[in-house]
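The following exercises concern the contact between two protein chains. Please work through each task before reading its solution.

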Amino acid sequence: MSIKVGVLGLQGDIREHVEILKKLGIEAVVVKLPEHLEKVDALIIPGGESTTIWKLMKITRMNEALKEKIEKGFPVYGTCAGMIVLSSGVENYPEQETLKVIDIKVRRNAFGRQVESFEADLNIKGVSDGLFRGIFIRAPLIVDYGENVEILCEYEENPVMARQGNVLVSSFHPELTEDTRVHELFLKMI
Amino acid sequence: MEDKGTWVVKKGFAEMFKNGVIMDVTTAEQARIAEEAGAVAVMALERVPADIRKQGGVARMASIAKIKEIMNAVSIPVMAKCRIGHIAEAKILEAIGVDFIDESEVLTPADERFHINKHEFKVPFVCGARDLGEALRRIAEGAAMIRTKGEAGTGNVVEAVRHMRQVMDEIRRVKNMLDDELVTYAKEIGAPVELVKMVKELGRLPVVNFAAGGVATPADAALMMMLGADGVFVGSGIFKSKEPVKMARAIVQAVLHYDDPEMLAKISEDIGQPMEGSEIKDLEIRLQERGW
């Protein structure tokens, strides 16, 4: 049976993830409600505004349903805002709620405001055939992490991509490139 | 090895706003209400469009103190408006670190012939458009995001609908054109042929396309999403309504659930009194006619 990958469809660059999955020949399903989670084998939380995505998750209790599934081994990948949502907390906005399914603490807008947003070439563990173009947009950084977390990529000695079991996160946006390698890495986790 | 302010980074940032609501705010308190309601960004203003319209005179960029106050109040992105063609206002907004600039017809134009060359900036710009030609001219100048002009400050959605339908209709026509026809069509609508070709390939604008100008209720926001908007700007519609907290929250949810009538009904149930609206034909100034 072929796999279906969900993209959390509340807010953000949903279409870009769907398009990259399609390019890989994977069926992508936009997931808006908790019951839709049952139809997919894995989930991507896209970039967007983490505060908005979280509020919309809470209204339908998507946050509770998703946390429960992830704790049972459901593979999930969060880019930028998605990484913040999956993290165990936000250093500079300690009151911000998160799913706490990966043992990392993040700093929001760690590089500054939009004028500081940038692109840079990255060396990612598990991604072969050369460097990967990382697109960082008001991006978060991992400022602290637990011993079970594997850091897959650093930018200027700061961790920007990590994995713990079935949870994958990145500060940057592979979905804004034509490069499918990071998504392929996630598909291997399913 | 890092490149800041590239086209990919500017256009990509706009993609992050999709399915979101951007709200006009005039104080730090309003900005916090907007963030709490789930806005994806706020537009920092001295006065909302409805008041600009009422008070008349020259409308300029908001004061630096006002914009900074709002930037310090919230964690979400902060946008600000500059006058059409006012390069210096835009440079100032970029220098203080505003996340997005709206080169806006709501303010009094500074240049009656030229818009800002937005490629020259690291900060991304959004511009208003009433048709495909205008949208593509703005993109050619470097706009990373387009919105309908609508008719700001009226609480009347009819002009935003007209502009969104117009752009979508022209996109559909381009999609069905033969390649032979594109050069002449580009000339007719006053747009660069390369961008017209790109629209034909993509079947949409090459940047994010929001609705703006007259959205006053959750149903208005849902309507604009049904017509193909990627998200919605709400100007006077939130803080000129009787219960801004409820209205803000309801509009955020309506953008997400625009295709689910039962949800929309529930969302629209307890929102208080929307802002008062005006008839377009009774207006002294039509802001949408500014821009070239």
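**Exercise 1.** How much area do chain A and chain B bury between them, and what share of it is on carbon and sulfur atoms?

*Solution.* The model is a predicted one. The two chains bury about 3,200 Å² between them, and 54% of this area is on carbon and sulfur atoms. Within chain A, the residues that lose the most area to chain B are A:Arg113, A:Gln114 and A:Val115; together they account for 20% of what that side buries. Counted by residues, 38 of chain A are in contact with 41 of chain B.

**Exercise 2.** Which elements of chain A give two or more residues to the side that touches chain B?

*Solution.* The elements concerned are α1 (14–23), α2 (50–59), β7 (118–122) and β8 (132–136) of chain A. Of these, α2(A) gives the most, with 5 residues. By residue class, this side of chain A divides into 12 nonpolar, 11 polar and 15 charged residues.

**Exercise 3.** How many salt bridges are there between chain A and chain B, and what is the bridge partner of A:Phe118 in β1(B)?

*Solution.* The count is 7 salt bridges. In one of them, the side chain of B:Lys4 meets that of A:Glu116 at 2.6 Å, N to O. Turning to the strands, β7(A) pairs with β1 (residues 3–4) of chain B in the antiparallel sense, over 2 bridges. In this strand of chain B, B:Lys4 is the bridge partner of A:Phe118.

Technical notes: Residues are numbered from 1 along each chain as its sequence is written. Chains are lettered from A and ligands numbered from 1 in the order in which they are written. This is a predicted model: local features need pLDDT of at least 70, side-chain atom pairs count only at pLDDT 80 or more; totals for chains, interfaces and linings use all residues. Side-chain values use heavy atoms; hydrogens and water are left out. Contact means heavy atoms within 4.5 Å. Buried area is the accessible area (1.4 Å probe) that two parts lose on being put together, summed over both. A salt bridge is a side-chain nitrogen of Lys or Arg within 4 Å of a carboxyl oxygen of Asp or Glu. Helices (H or I, at least four residues) and strands (E, at least two) are DSSP runs, numbered from the N terminus. Ala, Val, Leu, Ile, Met, Phe, Trp, Tyr, Cys and Pro count as nonpolar, Asp, Glu, Lys and Arg as charged, and the others, Gly among them, as polar. Two strands pair if DSSP finds at least two bridges between them.
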